[in-house]
Amino acid sequence: MRALVIVLLAVNALFFAWSRGWLDTVSGVPADGGREPQRLAAQQHPERIQPLAASAVAALAQRSCLELGPLDGDAALAAAQAALKAAGAEAQVRSSEQPGVWVVATIRLADPDFRARKEATYKQLRIAFEPLDGLPAEQPAFVLSRHEGQAEAAAEIGVLERRGLKGLRVLALKAPQARHSLVVAQADGLLAARLMASKDPALAAGFRACSAAPTASAASSAAG
């Protein structure tokens with residue numbers, strides 16, 4: 001009987017030592033059963049963890065293609081890329097070169113009488129003309145024609161000079177400029193709603209449904 005009591009006491013003592021974790025390295029069986037309570041203790045604000053609502057789960061399953069643009073110039077492109085990256089969106093870039101605007105214009109016509117004589121001449125020759133806008137330092141002057149390239153404008157001056165017109169020049173009204181758009185090809189419903197509601201000035205060009213699927217030649221990887 002005494003031996004049984006001693007055995008029970010020894011078993012209880014071993015169980016107590018094991019339950020306290022004192023024998024983990026010896027037994028190889030951790031007392032906490034692998035629960036790793038230290039991870040639970042390391043949680044920050046676990047009370048904030050909420051299961052997703054059914055509507056949010058459904059929105060995450062949705063996929064749409066959104067296109068932002070047009071964005072005129074590389075500075076606008078860079079700002080929009082940064083805004084999309086901050087929003088957690090990956091986008092592709094579509095770019096095209098927009099032609100400039102070159103005009104055939106008269107010299108400055110500061111003298112009202114001289115300007116009136118020029119008007120009368122152009123009307124007599126049935127040459128359309130309009131006031132020069134957009135270049136204050138070159139005004140007042142008349143624009144006789146508009147062109148996408150400097151060479152075309154220069155050729156037009158040659159034609160007009162053969163008709164006896166003098167005092168003409170080529171002016172760059174608008175320089176050629178790259179135009180871009182950004183394509184978010186696989187936006188889930190939550191991301192799409194967030195982007196559409198964004199008030200970031202860099203995204204002011206607005207999102208719309210993609211006009212066409214991006215191709216390797218027309219698109220390159222961007223924000224990411």
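**Note on the predicted model**

1. Cys65 and Cys210 form a disulfide, with their sulfur atoms 1.9 Å apart. The criterion is a pair of cysteine sulfur atoms within 2.5 Å. By this rule the count is one disulfide. The link of Cys65 and Cys210 is left-handed, at -85° about the S-S bond. Cys65 lies in strand E1 and Cys210 in the loop between strand E8 (207-209) and strand E9 (219-221), so the pair ties together parts 145 residues apart in sequence. Helices (H or I, at least four residues) and strands (E, at least two) are DSSP runs, numbered from the N terminus.

2. On the basis: this is a predicted model, where local features need pLDDT of at least 70, side-chain atom pairs count only at pLDDT 80 or more, and totals for chains, interfaces and linings use all residues. Residues are numbered from 1 along each chain as its sequence is written, and side-chain values use heavy atoms, with hydrogens and water left out.

3. Cys65 is partly exposed, at 24% relative accessibility. Glu67, also in strand E1, is buried at 4%. Buried means under 20% relative accessible area, exposed over 50%, partly exposed in between (1.4 Å probe, protein chains only).

4. The Glu67 side chain makes a polar contact with the side chain of Ser181 (3.2 Å). Such a contact is a pair of N or O atoms within 3.5 Å; within protein, one must be able to donate a hydrogen and the other to accept it, and residues adjacent in sequence count only if both atoms are side-chain atoms. Beyond four places in sequence, Glu67 touches residues including Arg94, Phe207 and Cys210. Contact means heavy atoms within 4.5 Å.

5. The largest nonpolar core has 19 residues; Leu68, Leu84, Leu182, Val184, Leu195, Leu203 and Phe207 touch the most other members. A core is a set of buried Ala, Val, Leu, Ile, Met, Phe, Trp, Tyr and Cys residues joined through side-chain atoms within 4.5 Å. Strand E1 (63-72), helix H5 (74-86), strand E7 (177-188) and helix H8 (189-196) each give two or more residues. H5 gives the most, with four.

6. A second, separate core of twelve residues includes Val104, Tyr122, Phe142 and Leu144. Val104 has Ser145 in E5 as its bridge partner. Four bridges join E3 (residues 101-106) to E5 (residues 142-147), and the two run antiparallel.

7. The open four-stranded sheet has the order E4-E5-E3-E6, with antiparallel pairing. Two strands pair if DSSP finds at least two bridges between them. The edges are E4 (130-131) and E6 (168-174).
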